[in-house]
Amino acid sequence: MRGLGIRLPFLKRRDHSGRRNGGGGNGGGRGPGGPSLSRQLQANLNAIRRELGDSSDLTIRLIRDDSGRVLAAVVYIDGIVIFDTINQMLLSPIMERVHELSSGRSSLSAADMRALLEAGTIQLGRVRETYDLSHLIEELLTGSTIILSDGSSVAFAAATRGGEKRSVDEPSSQTVARGPKEGFTEDVQTNISLIRRRIKSPLIRVENRLLGKHTKTVTSVVYMKGIAREEVVEEIRRRLSRIEVDSILESGYVEEFIQDEVWTPFPTIQNSERPDAIAAGILEGQVAIVVDGSPFVLLAPVTFVKFFQSSEDYYQRFDIATFLRVIRMVSFFISMLLPSLYIAITTFHQEMLPTPLLISLAAQREGVPFPALIEAMLMEVTFEVLREAGVRMPRIIGPAISIVGALVLGQAAVQAGLVSAAMIIVVSFTAIANFVIPALNMAIAARLIRFAMMLLAATLGLFGIMSGVMILLIHLVSLKSFGVPYMTPLAPLKISNLKDVLVRAPWWLMKTRPSVISTEDRVRQAPGLKPGPPKDRGERGS
Amino acid sequence: MRSGLTVAECMAAIIMIIMPTAYLIVPTAVLDFAAQDAWISTIAATAIGGGIAAWLGWFAGRNGDGESFLNWLSGRSGRAIAFAGGLLLAFHFFSHASRALNEYISFLKVNVLPTTPNAVLIAVTVLLAMYAVGQGIVTIARICFLMMIATVGIYTATIVLLYSRMHFSYLQPIGEKSIGHIAAGAFTPVCWMSEAAIILLIAPFMAKPRQAPRAVIWGVLLVGFMMMFIVLEALMLFGPNVVKFLQYPSFELISVIQFGGFLERIDMYFIMFWMVTVFLKISLLLFGAVHCLEQTFRVRGGRQLILWAIGLLLTLDASFSWPENFEMEIEAFAKNVSLIIFNILVPFVLWLASYLKLGRGSKKAEEGRT
């Protein structure tokens, strides 16, 4: 039953400070105290047109009474709203009710309009009151539909955000053989819904804020109350509130603004396209940051070993997962160190090679005019160029470039005597090893470090490599991610957390969440879950 | 709870300040005197070293509030004693770092990089140590812990790979050497174990400084075990008479390992690992020197300046103060004496001073109460 006196919970009074859901964002740089709305509808419409430069996608639908007098206006930006929703849930009911209410009156008051909305005329989930122009524009730009009425200085913003968006699809990175095939999209609401579908807990908290003066990008902080450390959540809030930029187009922008250490090749914030990976992180006490416009959701705090864990590790048997994890770790070191070890040994420490191998290498290098470093650099740079070309070029040309790059160029380089066959093997194996690392940002770090290591190996041999390793070790141990030591649980040692580092223990053994990330509420399963065959009652009884 | 060093990390730091260079010197030094009874010397040394460590740990643990050692000492014994103690300890850590650096570079020159100029090797090592010290003792100790874990793996691997070549008969006759010989054999290991005195400086960085005795005792016991292990390996592989003629018996041990027909010179991989441990030792000593100077002169916010100054001085000292034909054996006795003086006598005097002042302080306090 519709009645004017009934209050509906979806109607929220807009906070004049511009904050929403406790967020401390800059709201696009427009602080509180912007110009108030006029009671004249036409003046408000002119102000909107002036602010938006009379853009062609700005749509204003006027609502008139039977005599043709303009009573109200519905304003939205075409393309970022769901048009059907506006028509069915907003325009049609408003038109119908306005005609009922305005019969015999010159204009509608704010109270009338509010009563109209509260009466359930607008069948939408969220309607906000807006008192000043800057907030109105902000709502308009984020996909709300604004309802203005003549004689009222209050506007109503109905959530009609929509427009074309990509459907949920398999993630392009972090693919798995076993496990969910869903990936995040560019829409923040879809992404949060993908997380909520996995964690149906009332402890989930979502805090939204707008970042970017011009882009007004919705950025959501998602965590589990009582499992994520409050000081980490607070620190993330603090760092996000510091961001004052004109645009946030991808989560990478946010990552660079909130990371702990600038001068490091290692990522201190994890990202994933996989809702299951993000949900698992949240369940362990990590905090997710979902940025509108990006399918990559951030997770913090993070430790070094997290970058070698794949979602699949937890879907496969623990022995297989452990084997694969060891392979990944070894691959990481190969990816960083193999070319430099080759350079150091062939240049400085030939005595380490068995004589037959040494003779074979020397024969291969006989016609090569370059020292090992230049040879390795040539091949590494060539491979990096090929890899970059592979990412940028149209997919259909990919195989052709692979053939040209890997076979023709490699073979031709060896035949021309520019590089040795051994170097081709070293560089190829290094490149393949790099692809084994599950996290792209960690794989890139290994690629960068490789070049520095090659230079050190060429100048100081194994001593240079060890110096480089030592620098990395010191750096890694001193690194932190939102207050959590990056090398935990190895340094500092947390024995209880070692069940998911190099070895992935069986699920029934991982009774607690990682203590360095989560709060005191760490128990995640009941004791005594180790499976076993049922005891034979017949035998017992006999 | 304060975020600081755990007992295990502190223990690892103790091991890493002793073992890397002791590893080179101890087998020859012990076998020279005690021959086939060298392992008994290491056990005796561990017992004595453990006692010294217990006392040092107890002394360090008395400063349970996490205040820096020299500040604490200044409060207990007066500024003059803390100043003198700080200068002496800074000098000791600096000169010891310089000596360790020189030994390390000499080794590299002979075995790894014969054509690279010494100055380059010294500069790179010092810069690396400075970087480590700049990151703090917590970082250094945590790396020490990681290396300690790796050490266990490497030691186990050497046992497995060398087992078939060991001759248990080289241990006989047991107990043939006199107590004097065994005691003389134990002297050098005890001197090296006294380096555990660095606990005085690092205990305040522990999460629970009162656990310093545990850390240092366990550290020295493990060092004793490692020393005995190396001595036994060298003894059973080469026999008591050959080791004294080897310059680096510990590395000679590894060099005899053969792993199939495709891997040669396994000792080079071992040397790479050993190089990391020496980096850590030099970093710990450099930390000691910088920390003592910083606390002695009460430098506020000028740590980087001291670090760069000491780093430069260390580079110059290690480059020019040591003769080209420096031989470890000749200097060994003087070095052992200096270790005893700075690691045992100086801390003892400082403890005595703090104890005496404490006595007066408590008497005054008691008088005040009555």
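In chain B of this predicted model, the side chains of R142(B) and E9(B) form a salt bridge at 3.4 Å, N to O (a salt bridge being a side-chain nitrogen of Lys or Arg within 4 Å of a carboxyl oxygen of Asp or Glu). R142(B) sits in helix α6 of chain B and E9(B) in helix α1 (residues 7-34), so the pair ties together parts 133 residues apart in sequence. Helices here are DSSP runs (H or I, at least four residues), as are strands (E, at least two), both numbered from the N terminus. R142(B) and E9(B) are both buried, that is, under 20% relative accessible area, with exposed meaning over 50% and partly exposed in between (1.4 Å probe, protein chains only).

As for housekeeping, local features need pLDDT of at least 70 and side-chain atom pairs pLDDT 80 or more, while totals for chains, interfaces and linings use all residues. Residues are numbered from 1 along each chain as its sequence is written, chains are lettered from A and ligands numbered from 1 in the order written, and side-chain values use heavy atoms, with hydrogens and water left out.

Between the two chains the salt bridge count is 0.

Over all chains, though, the structure holds 31 salt bridges. One of them joins R237(A) and E234(A) at 2.7 Å, N to O. These two are 3 residues apart in helix α6 (residues 230-241) of chain A, so about one helical turn separates them. R237(A) counts as buried at 17% relative accessibility, whereas E234(A) is partly exposed at 41%. Another salt bridge links K306(A) and E284(A) at 2.5 Å, N to O. That pair connects distant parts of the chain, 22 residues apart: K306(A) is in the loop between β11 and α9 (318-347), and E284(A) in the loop between α8 and β10. K306(A) and E284(A) are both buried.

Helix α8 (residues 275-283) of chain A has its own buried set, including P275(A), I278(A) and I282(A). The buried residues of α8(A) pack against several elements of chain A, among them α5 (188-198) and β7 (204-211).

Technical notes: Contact = heavy atoms within 4.5 Å.
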